[in-house]
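Keep the viewer open while you read.

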Amino acid sequence: MDSHQHRSTVSGPQAARHPLDPLTAAEVDRARAVLDEAGRLTSTTRFACVLPVEPAKDAVATFSRGDAVEREVLAVLLDTATGESAEAIVSVTRGTVESWTVLRTTEHPYGQPAYLFEEYALAEELVKADPEWRAAMERRGIEDPDRAYCGPLAPGYFGRADEVGRRIIRSLTFQRVHEDDSPWAHPVEGLIVHIDLTQRRVIRVEDHGDVPVPSAHGNYDAAATGEARATLKPIEILQPEGPSFTVDGSQVTWENWSFRVGFNAREGLVLNTVTFRDGDEDRPVLHRASVPEMVVPYGDTSPTRFWISYFDAGEYLLGKNGNSLTLGCDCLGVIHYFDGVVADDHGNPVTIPQAICMHEEDYGILWKHTDLAGRTEVRRSRRLVISSFSTIGNYDYGFFWYLYLDGTVALEAKATGIVFAGAGHPGTTNPHAPEIAPGVFAPVHQHLFCARLDVAVDGDDNTLAEVDVIGVATGEDNPHGNAFTWQVTPIRTESEAARLADGSRSRVWEVASSHRRNAVGKPTAYHLVPEGRSTLLAQPDSSVSSRARFATKHLWATAFDPSERFPAGDYPNAHAGGAGIPAWREQNRSLDGTDIVLWHVFGPTHVPRPEDWPIMPVDYSGFAFKPYGFLDRNPALDLPVGTRGAGACAESCGASCACGHHSSSSTSASHQEKDHHDH
Ligand code: CO
């Protein structure tokens, strides 16, 4: 890069206009150039991760349109020749390296930056050049070992002398029958290659015998599945007057909601400064919301997989692996796309076109009543969807944030892609891995997502409580035995804030304002409504329990600290454990009337089934964050009738839509019958 470019300032359409704007390509470029000018880059320096340094909250609060934007970038650098890693903070505004911190990756509790894409290629190269691996493939009668796919996997942490404090990757082998064949259908069971990426060598090859490689293909493209069915009639989503949202840079306004869209290499999609308009006031709900980590631990005892526990954000980077989304396939309707900017291994900006999709969806009925005179009032629900997808090896994860007209925010995580399978002898039983296709055994595993909700319910001064609904013992307080009531347990400190969901008590967690009261004199509040499925099922003395301690409870809460971003710590790769939430909460800070961050764990526990093969239908999980006395009444009373916005019920929907003007039960029934005849 020439010196002219080194001095170029960030300006024009590529410049950030607001402190919360995602990184621009020009800023990534500039950060790299500043490090280069400062002599920090050598031919073996690589960029493991480039992230925006989040602005201080008061800087966001006091920012006015047109103010100068101070921007800093965190670059995590790896010298591939020495294995030394460092964090550099670069001011792209001033063109200076603000700090340089060498990571203590060789000292307990260790930890490594996320993998480089080039390390996956290096691992495959090393495996395929290894004579032991080639002998193992030959012994299995695999004809073309060079066509194999070598799946690169983070090693976890098991205290092995030749791995501790080093940059290690393991490789599992999958055969491909031809170039475009899905490798996941042909696992080469029992063959594990351990690689030191810095020394660029195979440490050892484990070979646990000769289970046959399943031969049936697992391809799912049109060529493999044959002619598509012709029975589905078209569905077109028409929004003839365009969408109801407005976009100004990263700022989005839709109905009562306003927020800023963010995106970064590690978390992918982020929502910032989410507010809900109530009268003339935009009231804060969330300062920031994202899914900064997830863990996929496997429950299989086999030597091939007992050690697997992917941390898809911290080890592999959700944003860097973000998909480019397509109209008509990923998203339907009138779409607004946001690009995502990340850095490649060399620190150069990479733009992921259409990384975030935003659109409106009709969502059925929002409210309805037929009164005593037979008059019906009904209004349709609509939601704004902000979504992204990331592909990490075999799995694909969608992150779908939903904003509803009634003040609810929800997140749905979609897990799809190819289940990770091993091979076994057909017809045998494995208590940790059901046979999902002949000879294909897919181990049980969990997908445990951790959402970070920097809540701001009417401001930063919030309180937290657990709310259960419980029956009351028959007696003086419950003479007829029918009574139940709600029970509020304040959560005042971090030590109290390690909670499990309890569906038998309809448990929710309440975030309330310390200062604001609603129409009935109660603190304004939101409820976090969990699904409450399994938390981490690994034993407390397991390696993954230490490393993914966050996944052992459904809810944690901490006092806000800008450095506390990642629930398994900054560098979970090959980390011995204990970082992140378990370390922070030792401070046992107060949560009473302060700036609170919730960490909510959710997600499916997956016992794979034949229907998940050869590609898995989406498995949904998530949570809702619902107003509970935040508003004084239903905020959607003023919705228009029908789907056409202001005005009356759409002609095309007819009387059977129960749009409210001419229906009684008898006319509805006759219209429905008429519809049947018409069609
Ligand atoms: Co799964």
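The points below go through the metal site, the cores, the aromatic rings and a few backbone details.

1. Before anything else, please keep in mind that this is a predicted model. The numbers in this note are computed from that model.

2. Which residues hold the cobalt ion? Its protein donors are Tyr395 through OH, His445 through NE2, His447 through NE2 and His606 through ND1, and they lie 2.0 Å from the ion. The angles among the four donor atoms run from 93 to 135°, and the site is classed as irregular.

3. Now look at where those donors sit along the chain. Their spacing in sequence reads Y-x49-H-x1-H-x158-H. His445 belongs to strand 24 (residues 445-446) and His606 to strand 34 (residues 605-606), so this pair ties together parts that are 161 residues apart in sequence. Are these two histidines buried or exposed? His445 is buried, with a relative accessible area of 2%, and His606 is buried as well, at 4%.

4. The largest nonpolar core has 122 residues. Inside this core, the residues with the most contacts are Phe259, Ile386, Trp401, Leu598 and Phe625. Strand 14 (residues 281-297) gives the largest share of the core, with six residues. As general background, nonpolar side chains in soluble globular proteins tend to be buried together.

5. The aromatic rings deserve a tour of their own. The model has 28 aromatic pairs.

6. The C-alpha atoms of Arg176 and Tyr149 are 6.9 Å from each other, although the two residues are 27 apart along the chain. Setting aside residues up to four places away in sequence, Arg176 touches Glu124, Arg147, Ala148, Tyr149, Asp181 and Pro183.

7. Two other arginines are placed over rings. The charged end of Arg40 sits over the ring of Trp100, 4.2 Å from its centre. Arg383 lies over the face of Tyr402, and here the figure is 3.7 Å from the ring centre.

8. Some backbone details are worth a look too. By way of background, most residues other than glycine have a negative phi, and most peptide bonds are trans. Where are the cis bonds in this note? One joins His108 and Pro109, with omega about 5°, and Pro109 is in the loop between strand 4 (96-102) and strand 5 (110-112). Another joins Trp613 and Pro614, with omega about 0°, and Pro614 is in the loop between strand 34 and strand 35 (616-627).

9. Tyr110, in strand 5, has a phi of about 65°. Thr273, in strand 13 (residues 268-278), has a phi of about 40°. Thr273 is partly exposed, with a relative accessible area of 22%.

10. Finally, visit Asn478, in the loop between strand 26 (462-471) and strand 27 (484-490). Asn478 counts as buried, at 1% relative accessibility. Apart from neighbours within four places in sequence, Asn478 is in contact with Val472, Ala473 and Ala483. The C-alpha atoms of Asn478 and Phe259 are separated by 47 Å, and the two residues are 219 apart along the chain.

How values were computed. Residues are numbered from 1 along each chain as its sequence is written. This is a predicted model: local features need pLDDT of at least 70, side-chain atom pairs count only at pLDDT 80 or more; totals for chains, interfaces and linings use all residues. Side-chain values use heavy atoms; hydrogens and water are left out. Rings of Phe, Tyr and Trp (its six-membered ring) pair if their centres lie within 6.5 Å; planes under 30 degrees apart count as stacked, over 60 as edge-to-face and the rest as tilted. A charge sits over a ring if NZ of Lys or CZ of Arg is within 6 Å of the ring centre and within 35 degrees of the ring normal. A nonpolar core is a set of buried Ala, Val, Leu, Ile, Met, Phe, Trp, Tyr and Cys residues joined through side-chain atoms within 4.5 Å. Buried means under 20% relative accessible area, exposed over 50%, partly exposed in between (1.4 Å probe, protein chains only). Helices (H or I, at least four residues) and strands (E, at least two) are DSSP runs, numbered from the N terminus. Donors are N, O and S atoms within 2.8 Å of the metal (3.2 Å for Na, K and Ca); water is not among the atoms, so sites may look incomplete. Four donors count as tetrahedral if all angles lie between 85 and 135 degrees; four count as square planar and six as octahedral if opposite donors are over 155 degrees apart and all others between 65 and 115; anything else is irregular. Contact means heavy atoms within 4.5 Å.
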